[in-house]
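User: Can you walk me through this model? I'd like the contacts, the core and the annotations.

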Amino acid sequence: MTSLPAPIVSVDELSVAYRSGGREVPVVHEVSLAVSPGRTLALVGESGSGKSTVAATLLGHLRHGSRITGGRVAVDGRDVFALSARELRRLRGGTVAMVAQNAGHALTPSMRIGRQIAEAGGEVPVTELLEQVRLPRPRELARRYPHELSGGQQQRVAIAMAIAARPKVLVLDEPTTGLDVITQRGVLDLIGALREELGLAAVLVSHDLGVVAHMADEVCVMHAGRVVEAAPTRRLFTAPAAPYTRRLLSSVPRVTDAGLALVGEDGTREIRPRAEVPADAAEAVSVRHVTIDYGTASRAVDGVSFSVRRGEVLALVGESGSGKSTIAWALAGLRVPSGGRMRAVAGGLRGGAAGGSAGGSAGAVAGGSSDGSSGGASGGPSADLSGAASDRSAGLSPGGSAGAWSGASSGGRSGAPSGASPGGDGDLGVPARRRPLALRRTVQLVFQNADTSLNPRRSVGDAVRRPLRFFGTAGSRGEAASRARQLIADVRLDPDFADRLPAQLSGGQRQRIGIARALAGEPEVLIADEITTGLDVSVQAEVLRLLDDLRRERELACLFISHDLAVVRGIADRVVVLRHGVVVEEGPTDVVFADPGHPYTRELMAAALEPEPGVGAERAAVAVEGWEDAAGPGGVWVELGGGHRVRRWRSADG
Amino acid sequence: MLTFLVRRVVAALGTLLLSSVLVFLAVQALPGDVATQVLGRDATPDAVAALRKQMGLDQPAWERYAEWIKGALHGDFGTSLVTTKPVGGEVAQHLGNSALIAVVTVLFAVTGSLVLGILAGLYRDRWPDHLISTVSLIGMSVPEFVVATVLVLAFSVTVPVLPAVVLYGPGAGVGQLLPAVWLPAASLAIVMAAYIVRMARTSVIDVMASEYVTTARLKGLSTWRVVTRHALPSALLPTLHVIALNVAWLVGGVAVVENVFNYPGIGKLLLTSVQNRDLPVIQAIALISAVVYVVCNLAADIGSMALNPRLRTRGGRIR
């Protein structure tokens with residue numbers, strides 16, 4: 001450590017500001033750092049911390065409207081911002097290269113891969129470069145266009161492009177954000193190998209502390225344009241000095257957490273035990289042997305079965321393309337399954353939705369009010385105005401719930417037409433527009449991307465008010481407005497936010513509005529499709545906490561879709577692991593994480609990166625290399641007890 | 001890719017067929033009887049009946065349509081009611097003259113406006129952009145006959161280098177017409193270019209701000225290469241359809257400008273025929289304009305296919 005070679009990158013007291021409305025807004029404030037050849041420095045921080053701005057200055061690049069207000073950036077002994085245009089071009093191709101955040105956007109759509117790599121310069125043939133980034137059939141691939149590649153392949157192409165001219169410094173701006181764990185692991189391993197092979201100095205920009213712990217030698221933690229802490233990786237993760245670093249580290253969910261981590265101001269961590277789902281909790285959604293096809297050729301989901309009970313969070317995990325989002329969309333009514341059955345089993349009739357005949361009966365479900373406090377089937381009996389409600393409760397009363405999904409709605413009582421009974425009970429195998437209003441209300445989807453799923457020209461209050469009026473949960477205009485404010489308060493935001501436009505909110509706040517909008521329909525089932533992906537860890541922790549609170553308060557059945565295993569561990573009660581549209585393992589979260597039975601589950605867990613240097617590497621060894629499906633006529637599942645079951649498999653080698 | 005092409009061509013043919021029906025119906029729906037209109041108010045009923053028979057107006061509409069479209073496919077659009085010459089030949093002659101203007105206009109307007117638009121986009125918010133944007137805004141808001149008049153004032157009256165009006169008939173040769181082409185073409189080009197310049201500017205700005213252009217810059221490529229290889233193919237895509245629409249618009253724009261310059265083109269013929277109620281000629285010109293529109297849009301579609309690989313490839317992935 002004492003005899004490190006002279007740094008190849010050195011940034012001294014760098015300050016950057018951009019002009020906005022006639023004012024200079026500083027974005028980077030007196031940042032200093034240095035990287036030696038062969039070393040990797042990570043710039044860590046949350047969005048807006050200025051980490052990407054600093055990284056881009058290594059290539060002499062500033063965003064439109066920004067300028068250097070002080071300091072100096074030197075790469076390979078030369079002041080980057082003093083170079084002539086010609087010298088700067090030579091620096092960019094030859095000395096420093098960048099791998100941009102989103103390869104899907106960073107590759108020119110109208111050019112073939114091969115030509116894009118070739119023009120990056122250097123003497124190395126394109127096919128050799130493609131081989132070097134472990135891409136299959138390089139000759140064929142070089143003739144492809146970017147849109148013909150998967151996200152992981154695009155990222156590999158971007159890396160090939162960056163190393164084409166054999167640079168000395170590689171700048172990686174969030175190189176794996178948006179990739180699923182397994183693809184991420186592959187890309188990181190590749191970067192690590194190339195770094196060794198080519199002796200590169202690397203600057204890694206990331207908000208993912210797991211990635212940083214895995215890749216970096218030194219870490220600079222940035223916050224609001226300043227470096228709050230700089231230390232060797234191991235020391236930073238074991239003994240963080242700055243309170244901000246401690247808080248940041250504590251906010252990261254771990255695969256070992258047995259519940260949600262609540263982080264204090266000083267960075268202390270407290271694990272909140274998971275809410276106990278009563279053993280007799282009623283089933284809210286039931287999915288049986290569902291198959292979903294895209295077109296005629298490809299099957300996205302193949303014979304998937306699961307159920308979610310009231311007050312329970314069920315996680316669907318798997319890499320991209322495993323069909324988890326497709327299932328969410330089908331449940332929300334945006335896609336029609338080509339086979340199997342999906343049903344919502346309502347637990348309580350609310351707001352006096354178009355009920356059938358009058359005549360309250362004993363044994364009806366509690367919580368018939370419109371105040372949003374849902375009644376669980378386990379609640380005390382109370383009179384209800386609707387006969388339809390009693391139809392349901394007959395099937396749902398304790399004892400009759402587990403596994404009795406078919407009897408619950410159609411067989412339980414006569415007179416309840418399947419798929420159309422009021423109060424949200426019914427067939428989910430039809431598109432949303434053909435579902436009865438009450439059923440549509442029952443199942444609500446929170447989108448992955450809060451910023452694109454909110455109308456940018458409407459206030460967020462409007463966004464929440466619309467479903468209130470649409471579903472008739474609020475009668476008058478005034479009532480809708482006050483309910484909307486209440487809902488915004490329910491998601492732990494200031495009700496005055498109602499008048500703001502989505503652009504005036506932060507990413508996490510927008511995601512809360514997305515949740516409030518879904519809650520406006522007073523759903524019983526909430527589908528959360530990757531809702532924390534792309535959020536900073538501290539914001540992610542807040543959103544998860546909110547979701548956990550809401551399901552406790554409202555006994556929501558929640559389908560939580562994520563590729564992030566650490567997040568799933570904290571929030572989910574049960575886990576369903578999907579691979580290529582097929583369930584390979586399911587069971588209680590703790591059991592599955594403690595003793596994963598299927599090699600694919602093990603692979604997923606091995607790929608998950610913990611914010612502890614060196615941890616992931618050991619776990620990788622656990623994964624079984626080759627395996628094949630062994631499900632035969634003798635039975636598909638190996639039952640391990642306690643609801644934990646694993647799809648039959650055998651080692652590929654025999 | 002082939003299915004895409006076939007689908008577009010079939011759609012184009014369908015559009016043409018539909019527009020021929022519309023043109024035919026519109027002419028039929030003109031108030032009053034055609035024969036009466038031609039012969040005037042004082043014509044005897046016998047004369048009207050005779051003319052109707054001669055024109056085939058006593059037959060049902062769909063038969064007349066079939067007859068007309070069959071002829072049109074062979075280039076026979078009937079005979080002019082005024083000159084009693086075949087419509088096809090007359091229209092073709094004028095069309096040729098107009099094509100001379102159109103070709104010159106398209107050549108200069110499209111290349112010029114693309115260059116200006118791209119320059120404005122590249123020099124965003126600096127003086128070349130301000131200059132180009134302002135001038136194109138003026139070009140957009142001034143009607144073509146005003147532009148034409150100003151041009152005549154400048155180049156025929158003040159500095160008499162080009163003829164203000166054409167003194168030849170429709171049968172004039174290219175050599176005779178060529179000097180007269182420049183002023184009409186210039187006035188059309190100015191109006192047309194304005195739209196293309198603005199569209200090209202916005203899409204160049206959009207594309208230059210994209211991540212892949214930034215990546216290309218950070219690869220150390222020269223600005224010329226970044227612009228021509230990475231930015232332009234995508235920037236031209238939206239511009240292409242604006243160009244197509246504007247070229248199609250020429251058919252209408254030409255009518256006004258040709259009358260200002262007394263140029264013996266299709267626009268002049270259209271105006272005279274409307275004044276004379278020469279229905280077969282109007283019908284023929286309307287159909288030809290429809291063809292021009294459809295062909296322009298088809299060309300734009302094929303052009304965007306060339307620029308956008310997503311339309312060409314099926315998007316199969318390598319696993």
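Analyst: Below we go through it topic by topic.

User: What should I know about numbering and cut-offs?
Analyst: Residues are numbered from 1 along each chain as its sequence is written, and chains are lettered from A and ligands numbered from 1 in the order in which they are written. This is a predicted model, where local features need pLDDT of at least 70, side-chain atom pairs count only at pLDDT 80 or more, and totals for chains, interfaces and linings use all residues.

User: Start with chain B. How many helices and strands are there?
Analyst: Chain B has 13 helices and zero strands. Helices (H or I, at least four residues) and strands (E, at least two) are DSSP runs, numbered from the N terminus.

User: And its span?
Analyst: The C-alpha trace spans about 85 × 65 × 35 Å along the principal axes of chain B.

User: What share of chain B is buried?
Analyst: 36% of its 319 residues count as buried. Buried means 20 or more other C-beta atoms within 10 Å of the residue's own; exposed means 12 or fewer, partly exposed is in between, and C-beta atoms are placed from the backbone.

User: What about contacts inside chain B?
Analyst: Take the contacts in chain B with a separation of 6 or more: 72% of them join residues 24 or more positions apart. A contact needs C-beta atoms, placed from the backbone, within 7 Å.

User: Which transmembrane regions does UniProt list for chain B?
Analyst: The unreviewed UniProt entry lists residues 99-123, 135-157, 177-197, 235-261 and 281-307 of chain B as "transmembrane region". UniProt positions are given in the numbering used here, feature names are shortened, and annotations may be inferred rather than shown by experiment.

User: How helical are 99-123 and 235-261 of chain B?
Analyst: Residues 99-123 of chain B are 96% helix and 0% strand, with end C-alpha atoms 35 Å apart. Residues 235-261 of chain B are 100% helix and 0% strand, with end C-alpha atoms 36 Å apart.

User: Now the interface. How many residues of chain B are in contact with chain A?
Analyst: 22 residues of chain B are in contact with 30 residues of chain A. On the chain B side, α9 (211-218), α10 (223-261) and α13 (309-312) each supply at least two residues. α9(B) gives the most, with five residues.

User: What does A:Ser110 touch?
Analyst: Leaving aside neighbours within four places in sequence, A:Ser110 is in contact with B:Pro233, B:Ser234, B:Leu307, B:Asn308 and B:Pro309. A:Ser110 lies in the loop between α3 (103-106) and α4 (113-118) of chain A.

User: Why does A:Ser110 count as buried?
Analyst: Because A:Ser110 has 20 C-beta neighbours inside 10 Å.

User: Switch to the domains. Where are they in chain A?
Analyst: Domain 1 of chain A is 9-251 and domain 2 is 583-654. The bounds come from an automatic or database domain assignment. Their centres, taken over C-alpha atoms, are separated by 34 Å.

User: Which elements of domain 1 touch domain 2?
Analyst: 13 residues of domain 1 of chain A are in contact with ten residues of domain 2 of chain A. On the domain 1 side, α8 (181-198), α9 (209-215) and α10 (233-238) of chain A give two or more residues each. α9(A) gives the most, with five residues.

User: What about the nonpolar core?
Analyst: The largest nonpolar core has 259 residues. Such a core is a set of buried Ala, Val, Leu, Ile, Met, Phe, Trp, Tyr and Cys residues joined through C-beta atoms within 7 Å. Helix α8 (residues 174-208) of chain B supplies the largest share, 20 residues. Domain 1 and domain 2 of chain A both give residues to this core, so it lies between them.

User: Which residues does A:Phe560 touch?
Analyst: A:Phe560 is among the residues with the most contacts inside the core. Not counting residues up to four places away in sequence, A:Phe560 touches A:Val313, A:Leu314, A:Ala315, A:Ala528, A:Val568, A:Ile571 and A:Ala572.

User: Last one: what order do the strands of the open sheet in chain A have?
Analyst: The order is β2-β1-β4-β5 (chain A), with antiparallel pairing. Strands pair if DSSP finds at least two bridges between them. β2 (23-35) and β5 (78-79) of chain A are the edge strands. Strand β1 (residues 9-20) of chain A pairs with β2(A) over nine bridges.

How values were computed. Two residues are in contact if their C-beta atoms, placed from the backbone, lie within 7 Å.
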